[in-house]
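Here is a walk through the charged pairs of one model and one of its chain contacts. Keep the structure open while reading.

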Amino acid sequence: MPLAMSGLILVALAACAVLLLGLFRPQLAYPATQVFLAAAVVVELMTGTSSGHWWGGLFVQDAFAAFIKPVLLVVSMAVFLYGRPMVSRWPQGEYYTLGLLAVAGMLILTSAGHLLTLFLGLELMSLALYAMVALDRDNDMASEAAMKYFMLGGLSSGMLLYGFSLLYGITGTMNLQAMALALGGAGAPGSAVVVALTFALAGTAFKLGVAPFHMWLPDVYEGSPAAVTLFVGAAPKVAALVLLARLVGQGAQANLAIWQPALMVLALVSMAVGSFGALWQQNIKRLLAYSAIAHMGFVLLGALAGSEAGYGASIFYMTSYAVMSTAAFGVVLVVCQMAQTERIADYAGLAERSPWLAAVMMLTMFSLAGVPPLLGFMAKLEVIRAAVGAGAVRLAVLAVLLSVVAAFYYLRVVKVMYMDAPTVALGRSPDVTVPADIKLVLGLNGAMILLLGMMPGHVLHWCQQALRGFLLPS
Amino acid sequence: MMLSLVPLLPLLAAIVAGTVGLKRPALAHTVTSGAVGFAMVAALIVSARVIGGEPMQVSWYDWAFIQGYTMHVGLWLDGLSALMISVVTFVSFLVHIYAIGYMKGDPGYGRFFAYISFFTFGMLMLVLADGFVQLFFGWEAVGLASYLLIGFWYTRPSATAAGLKAFLVNRVGDMGFLLGIAMLFTYAGSLRYSEVFARAAMLAETSVGFWGMHGSVLTLSCLLLFVGAMGKSAQLPLQVWLPDSMEGPTPISALIHAATMVTAGIFMVARLSPLFELSPVALTVVLLIGTLTAFLMGLVGVVQTDIKRVIAYSTLSQLGYMTAALGASAYSVAIFHLATHAFFKALLFLAAGSVIMAMHHEQDMRRMGGLRRLMPITFWTSLCGALALIGFPGFSGFFSKDAILEAVAESHLPGAGFAWLLLLLSVFVTGLYTFRLIFMVFFGELRQQDPGKDHHEHGDHGIHHHAPSESPMVVWLPLVVLAIPSVLAGFLLWRPLGLGEWLRGVVVTHEGSEHAQGAVAFALHGLWSPAIYLAMAGAAAAWYAYVANPSLPERLRQRMMGVWRILINQYGFEALYSRYATAAARGLGLVLWRVVDAGVVDGLVVGGTVGTMGRMGRLLKRLQSGYLYHYAFAMIVAVVLLVTWLDWGGR
Amino acid sequence: MLAAYLAIPFFLVVAAGIGLFALAAGFVLGPRRPDPRKAAPYECGFEAFEDAHMPFDVRYYLVAILFILFDLEITFLFPWAVSLNHIGTAGLLAMVAFLLVLTIGFIYEWRKGALEWE
């Protein structure tokens, strides 16, 4: 048994333990989850460097996995922290168990060097997410969202599997490394390779929430309870990028000519849909959903370069996005608790009611819009550089223009918070005290957006390091 | 490590004061003064280690990478920056203490402390910069702080206007500064001092031409950089903002607009002395601009009646002296005068603030008088400052100013003789306006006529229109502390700075010039120079006109109305700018706004785009129907289209 | 490459042909004398007394799903038991872990009351 599996095993055990705890001592489910996750972070940091391949690539540990796994775990910890007040009204054991299972799925996916484990991890994560969305059973919106998510997710998994099976049929192997060699050595790829990769990409694009496979995303984001949206919107996105990097970057790196134009189209459509779609939204979660679509387009900008630097930029972008999205949904959650509202108009007067919260939200919005010197700006700069490096200059220019469009709706939120008169929701709401730890972590989250933006050097460096040797020699 | 603390402590304090300290005055001033105090101690310790020894370098992080060039953030401490951080933290600390008393009860108390701590941070980053990027960062940070502080009482239209003016005029300077930096980066390929200096000779030989004119890269970039210095150090013709900046609270005038920020231009030229030294053209320009500023602005000071404005014009004049010293290649002497000036000018400003407080925020000297007996501490410390300013033998200004005069006398640049003459005349003018202030404020009888006219209604200082009395201890203590270096700094710093011992190898210094002698010898030698007699003559003239024969100034004014008008209008610079430059800019702006912006951009570009964007947004909203089968259908269509396109596109 | 798959369309055509042939033969050759009893659904001697689409108790589904779950686990146990000699201790441990997880699930459903009918 490889040492590097310890973190994964710990998380899986945690899921079992928390399920039982939820039955007998529900109030312990949350602290146990956090303790297990914290332990997993420590274990990952300690064992992450012991790299290697096991069982024919079913389990792989490399610098990439060693970087991604702690990120996934830490993001999930923050998400569970923010979600706690809302989750405490639900069956808690189930929420945390499902969350831990999703995390376990992501960890498997991150360490997959094989189509089987890639799919296994992805499905473990997805199934847990579907169930999480439906967890609040009396909520009609959530049930509808869960149904849509599940059905469309099933369709996308089908597409992904179809792509996988074709790839297996073409290359005769499911090991990504061997597949890369087989695909690279076969001369000009036939239509079968195109079809296989397109289907696999379509499935991946669905998980990422990239247009035109994004239709589920606004409905699910809006329909799910905020605590679940928060979860769906952070770590699973990172995992989906991992899927893309492993599958396309490692498995099909020789077929750049096929998937690069596809990614360009997906990136452009996604940025456009995300930027324009959010313009008229009244619900903050829906707005953030479109924002997510646009940001996934930017993530693809880095990935389409197909180089280690490009994936590094993408990973940096995605990590930054996870930080920003967590902060944004964290604030949304607190406001949800405070005023039972998700309407953007109801954020009016937040700056007076709770300057601290409004400041974090403002920082996050500016960062999402890509205002220097915040994190979002640096991330955009990196992916755009990667895209320009790959020769996609026109796409890069369009990306910048579209981000200007997007700035409009982010700034609208800031304007509402700081300049509009409070509406009934916030004005009349009772004083809900925000737990101190949530306040603290939200503050830290905001500070990270600012500080990492001003000194991105280290994180960027880690991202580039993580990708060193990622592309297999072929 | 300790070096990093020097700028970071004030930054942290500014953040604390600006967030949690806004509504907790005691916390705000404790944190900021404490932090700056500690920063001062740390600065003194590291400076002691560096002066005369090896430079110290602290690397923080890599900020950005451009085309393989790494922009680095770190600190660089050598003799020059060591001196600067010591002076900056020292004066800043005293101003923090002073402001506790001066700003008491102001509604923006916490904000004020946050601003000045932020300013201190910016100034420290500026002087500790190891390259142009950080220099520019500090440059802009102090500019921002200055803008915020000039307009601190933002309910007063004149204050906001003055803040805006300072910002705009500095923008003109910054434009040149930025262009200069860009030019150096283009031709030298680096933004670090050491690397640019290493290529200075190469730059001097590279020639650029435009519009049929040719010049060396070095000269052009030095001139551009000097434009930046002209803005920040308020040299002709960009001096107009400094007198107006007196709208800010007095501690600010002392800290920013006298002791530290305005000297940033001087510091910058000294820092870049290896570049300027290679360009006689640039040096000549620097010398002449400085000389003209010193003389012309000193003259304006003679006719001002607002106590702070007199000191402001005096600052302009003294900055002119420093600039002239830079032009004469006497960089360390310029820094010498910068240091002594920082002490005595901060002293004079704080003393003026003390007087203003006592007079219930009255700033017109014609309403003052006789304060000598009522405010003895303020009087005696002011006198120290005044003597230092005019260069009375033994006081700090004497050493530095005489050194400048000597340096200019030795210079061989074209126009150096003229410059020397003018600077010498300025000494007389300095004596005149300085002692005019002293006599008007502290001698004679109190002329406070209309005590109810308290138009700056901010704060309640507990004294209600009774006879002025001495200020509280937090106010007078900094005066006393500053009086000490005002008297002694010249003597003590003579060898390190007057002769440039601390700055050897840091700025360009000249060995073995004839004034390389001890402080006492120099002082004795100075007694033979005409300067001190001119200064005393100025003081005597002030005595004659304002004490012995008080009706004389008014008669003179009537007689020479034309001259007075020219002076009070600052030679028409204001009018020139507001009537022509500003009007032209506003006209252009109007055209751009009405025609280009409202018509072309809003109407066609934005209007059209917004319309399109709105339509696209609505279209997308309609596509998002909420029906599961629509979504599934969209996915399948997308896959089909992608496959078709990729497969055909691949052929 | 596609030639290898030629058997599939061939098979499809033959299968369809045989099916069609059988239907057609019955249609053409068979005698047809319908009466109401013969045309009724569920020609099994009973009167059709109510609608066939009757609602089931939802608890039935729950039990059915749980039954299928455990039923399927058993099908997993059979091949394991047969091959235990070949897969050795690792195989044994794997099944122990599997059954452990299953037991945790079982505890969960029991405790949640999924096994109670009322």
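A salt bridge here is a side-chain nitrogen of Lys or Arg within 4 Å of a carboxyl oxygen of Asp or Glu. The model is predicted. Over all chains, the whole structure holds 17 salt bridges.

Start inside chain A. The side chains of A:Asp219 and A:Arg286 form a salt bridge, at 3.3 Å from N to O. This pair links distant parts of the chain. A:Asp219 sits in helix 9 (residues 216–223) of chain A, and A:Arg286 in helix 13 (residues 284–303) of chain A. The two are 67 residues apart. Is A:Asp219 buried or exposed? Its relative accessibility is 10%, so A:Asp219 counts as buried. A:Arg286 is buried too, with a relative accessible area of 12%.

Helix 13 of chain A also carries A:Lys285. The side chain of A:Lys285 meets that of A:Glu342 in a salt bridge, 2.7 Å from N to O. A:Glu342 lies in the loop between helix 14 (308–339) and helix 15 (350–353) of chain A, so this pair ties together parts that are 57 residues apart in sequence. A:Lys285 has 1% relative accessibility and therefore counts as buried.

Now turn to chain B. There the side chains of B:Arg309 and B:Asp244 meet in a salt bridge, with 3.0 Å from N to O. Again, distant parts of the chain are linked. B:Arg309 belongs to helix 15 (residues 307–327) of chain B, B:Asp244 to helix 10 (residues 241–244) of chain B, and 65 residues separate them. How do the partners sit? B:Arg309 is partly exposed, with a relative accessible area of 24%. B:Asp244, at 17% relative accessibility, counts as buried.

Back in chain A, some salt bridges share partners. They join A:Glu144, A:Lys148, A:Asp219, A:Glu222 and A:Arg286 into one network.

The last stop is the contact of chain C with chain A. Five residues of chain C and six residues of chain A take part. About 710 Å² is buried between the two chains, and carbon and sulfur atoms give 80% of that area. Which residues of chain C lose the most area to chain A? They are C:Ile104, C:Tyr108 and C:Arg111, together 69% of what that side buries.

One salt bridge is counted between chain C and chain A. The side chains of A:Glu94 and C:Lys112 meet in a salt bridge, 3.0 Å from N to O. By class, the side of chain C that touches chain A has three nonpolar, no polar and two charged residues.

Methods. Residues numbered from 1 in each chain as written. Chains lettered and ligands numbered in written order. Predicted model: local features only at pLDDT ≥ 70, side-chain atom pairs only at ≥ 80, totals over all residues. Heavy atoms only, no water. Contact = heavy atoms within 4.5 Å. Buried area = accessible area lost by both parts, 1.4 Å probe. Nonpolar A, V, L, I, M, F, W, Y, C, P; charged D, E, K, R; others polar. Helix = DSSP H or I, 4+ residues; strand = E, 2+ residues; numbered from the N terminus. Buried < 20%, exposed > 50% of the residue type's maximum accessible area, 1.4 Å probe, protein only.
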